Structure formats: C-alpha cells, structure tokens
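Hello,

Here is the structure I said I would pass on. Please open it first, then read the notes below it.

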Amino acid sequence: MNTKRLTLLLAAGSTAAIGGAAFSLRTVDKSTSSLFATANTGVAYAQAPATASPEAIKLKANEIGRIPIIMYHSVDEKGGKYDKRGLNIPGTAFRKHLDMMVKAGWYPMNARDIYIPEKLQAVPAGMTPVVLTFDDARGSQFWMKPDGSIAPNCILGILESYHKKYGEKWPRAGTFFALPKSSYNPTPFWQAGLEAKKCQWLVANGYELSNHSFAHKNMAPMNAAQVREAVWGCVRDIRKLAPNATMDTFCVPYGSYPKDKSTWGVILNDPQGQYKNLVAFKAWGDESFAPGDKRFNPKEVDRIGVDPGYFEHVFARLEKAGKLYVSDGNPSTMTVPKSWQDFVSPNRPGKLPVVFYGQAATPKAKAKTKPATAAKKKTAATVAKTMKHP
Ligand SMILES: [Zn+2]
C-alpha cells in the first residue's frame with residue numbers, strides 16, 4: 001500500500017476501516033445478504049451512480065485490481081536445508097512476508113472466498129485481499145505437539161500468532177491443498193493417527209482444506225477419465241477425514257495441466273456430478289486477475305512462488321504500480337478507476353453495479369496495465385526446470 005492509503009486507513013481508525021465486529025466475515029455475510037439480493041439481479045453498471053464515493057476515491061479503490069495468491073510449501077524442514085525454488089524457506093522469511101503484508105494493509109482470505117462475491121465484497125475499506133496457499137499437506141505446515149497444541153513455529157502456528165496479534169486485521173485464513181496420500185506425504189501433514197484431527201481442526205477454525213489431486217501425479221498425459229479420478233479421489237478421501245471440507249478449489253500438481261485441453265473442463269466440473277471447483281490454480285506465475293476482470297480465467301489462476309527474493313520483488317512492483325485490488329468498503333458496488341474500465345467483465349460474479357472515478361487510460365497507460373510478460377516468461381522457464389518438485 002502506498003503511504004497515502006496507509007495514512008487514511010490509520011486515520012479512519014480500527015473500528016471503521018479495519019477491525020471491529022462489523023468486519024468479521026460472518027457478520028458481514030449476514031448483514032449484506034439483503035444488499036446482494038438487490039445487487040445480484042444484474043444491474044448494468046451504466047445504471048449505477050456515475051462516480052465513486054469520495055472515501056473510495058481517497059483510498060484509491062480498485063475492485064478489479066490484481067490479487068496476489070502466494071504459493072508456499074514448507075518452512076524450516078530438512079534441518080535448515082533451504083530450497084532455491086522456495087519449496088522450503090526459513091520461518092523467518094515467512095514471518096517477514098507476513099509483516100510486509102500486514103503493514104501494507106493486505107487482508108488474508110481463503111482461496112475460494114475470492115470467487116464468492118459476498119466474501120470478496122466484505123474486504124474492509126482500503127485493504128487488499130491476499131491468499132496464502134500451502135501445497136502437499138506437509139508436516140511443517142501443521143505440526144501437533146503431544147499435548148494436542150499447535151507447534152508455534154509450524155506455518156499454522158505462525159499464522160495463529162499473527163491472528164492473535166492483529167485480530168480482525170489478520171483473520172484466520174489460508175488454503176491447504178491436501179493429498180490423501182503421495183510419495184511426498186504418506187499421510188496428510190505427516191503425523192499418522194492425527195490426520196483426521198488436523199483436517200477437522202482446519203475446517204472448524206476457518207481455514208480452507210482443498211484439493212491437490214489424489215496422488216500428485218503429473219496430469220499432462222491424462223485422459224478425461226484419469227483427470228476425473230485424480231480430482232474426485234482427493235475429494236472422496238479427504239472428506240473421509242473431514243466431512244465438512246469444502247473441497248471446491250483445485251491446485252494442479254506441478255502446475256502441469258493435461259496436454260489434451262478438452263479435459264480441462266473436467267477439472268472444474270465432474271461429468272458425474274460429484275464435485276465442482278470454482279477455480280484451478282497454476283504454479284510459479286504472477287499476481288492473479290480479480291474475478292471481475294474480464295481477463296480472469298477460472299481454469300488457470302496464477303500463484304506467486306517464493307524462491308528467495310521473488311515475493312519481495314513482486315510486492316514492490318505491485319505496490320509501486322498501484323495495480324492491486326483495493327476494497328471500497330461498500331459491499332453493494334464495485335469501484336474501479338476509469339483507466340481500468342476496459343477490463344471490467346460483463347460476466348463478473350454477482351453482476352454488481354460498477355462506479356468509476358479518475359481519468360480514462362491513455363494508450364500508454366493501457367499498455368502498462370498488461371501483465372508483466374517478461375516476468376511470466378522467466379517464471380515459465382522456472383516451472384520447466386522444476387517439474388520434479390513435489
Ligand atoms: Zn504439490
């Protein structure tokens with residue numbers, strides 16, 4: 001967040017802009033349901049008020065701005081043997097990322113909540129949604145001590161400590177892409193006998209437990225039936241451990257999609273009706289498109305890797321460019337800078353009315369809002385090199 005935004009947030013105070021019971025997601029869901037009943041009837045944005053509210057303009061709200069979705073695997077595993085691809089990073093690096101996010105007014109959400117309009121619209125004014133994802137159900141993500149408490153230095157222990165410290169500014173959120181069993185995780189989160197307890201704890205405490213396939217097999221050579229089994233097998237077996245797991249977002253193993261593109265639809269929708277995924281996630285990309293941006297593609301949603309220095313690089317670039325999603329704090333409208341109006345999706349979830357402000361984009365500025373293709377090429381090359389990662 002730029003300084004102006006931060007100052008405004010601080011000036012607005014913790015109850016009005018950031019914290020307080022009014023912004024507990026659950027409370028907002030209930031209180032906004034009537035607003036959504038109206039908004040969801042498909043009001044065209046031309047009918048919305050012509051300009052955004054002065055508050056939203058001051059906050060530089062942009063509700064089709066980019067949403068960072070970060071891909072983590074483990075912290076402090078292997079006795080400090082860290083991975084240059086970011087698959088195992090020091091706990092200190094993870095904490096540093098969280099500190100940067102908190103300071104900048106980033107607001108953690110479960111992956112699925114980004115694609116549910118009521119949840120995304122409940123992001124407090126001036127804040128930027130961020131999704132932290134954790135792949136492979138590794139031990140350092142969730143370690144239980146013999147007394148049943150959460151080890152303070154595993155990923156979940158660290159997230160819990162941030163929630164305790166920052167409260168509503170840092171709600172409990174994070175998406176754990178689990179596998180029932182693979183060569184990388186003999187059992188989810190590695191402590192045999194505790195897997196059901198851990199999976200249920202996550203679901204009961206507001207975290208997202210979701211789908212990373214049945215056995216982490218490379219999907220490139222799969223046909224439709226095999227794709228279906230890879231997706232369904234995970235839903236089926238993780239629900240045996242945690243019956244209430246939502247299991248409706250999917251993370252493609254190795255970021256390696258089936259070569260036969262006609263099977264990609266099966267990742268999102270089961271022809272036999274047993275599962276439905278809101279989105280499928282890639283690996284080693286850049287910031288993702290918001291669901292209200294017409295370039296958003298639910299079959300291929302980018303995630304940012306954490307090879308050393310990369311998160312810091314993307315963070316600085318996004319904050320500087322002012323490309324991030326920033327909430328206007330109003331659940332019934334989407335506020336968008338005029339320079340972004342060409343990107344507003346007519347099929348945006350919830351079909352909320354859009355209000356604009358500022359100047360229309362000049363051709364030069366329009367060119368600037370394209371994704372960072374150079375960085376994309378670099379990360380695509382990294383993916384090719386690292387196909388063997390778990
Ligand atoms: Zn994986």
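The term you need first is pLDDT, the predictor's confidence in each residue, on a scale from 0 to 100. You need it because this is a predicted model. The mean pLDDT of the protein is 85, and 80% of its residues reach 70 or more. Over residues 6-46, however, the pLDDT is below 50, although the model gives this stretch 56 contacts beyond near neighbours in sequence. Residues 371-390 also stay under 50, with 23 contacts beyond four places in sequence. Where pLDDT is low, the predicted coordinates should not be read in detail.

Helix α7

This helix covers residues 155-166. Just after α7 comes glycine 167, with a positive phi of about 60°.

Proline 308

Proline 308 lies in the loop that runs between β9 (279-281) and α11 (310-321). Is proline 308 buried, exposed or partly exposed? Proline 308 has 14 other C-beta atoms within 10 Å; a buried residue would need 20 or more and an exposed one 12 or fewer, so proline 308 is partly exposed. Leaving aside residues up to four places away in sequence, proline 308 touches Lys84 and Gly86. The C-alpha atoms of proline 308 and leucine 87 are separated by 10.0 Å, while the two residues are 221 residues apart along the chain.

Regards

Conventions:
Residues numbered from 1 in each chain as written. Predicted model: local features only at pLDDT ≥ 70, side-chain atom pairs only at ≥ 80, totals over all residues. Contact = placed C-beta atoms within 7 Å. Helix = DSSP H or I, 4+ residues; strand = E, 2+ residues; numbered from the N terminus. Expected span 1.5 Å × (residues − 1).
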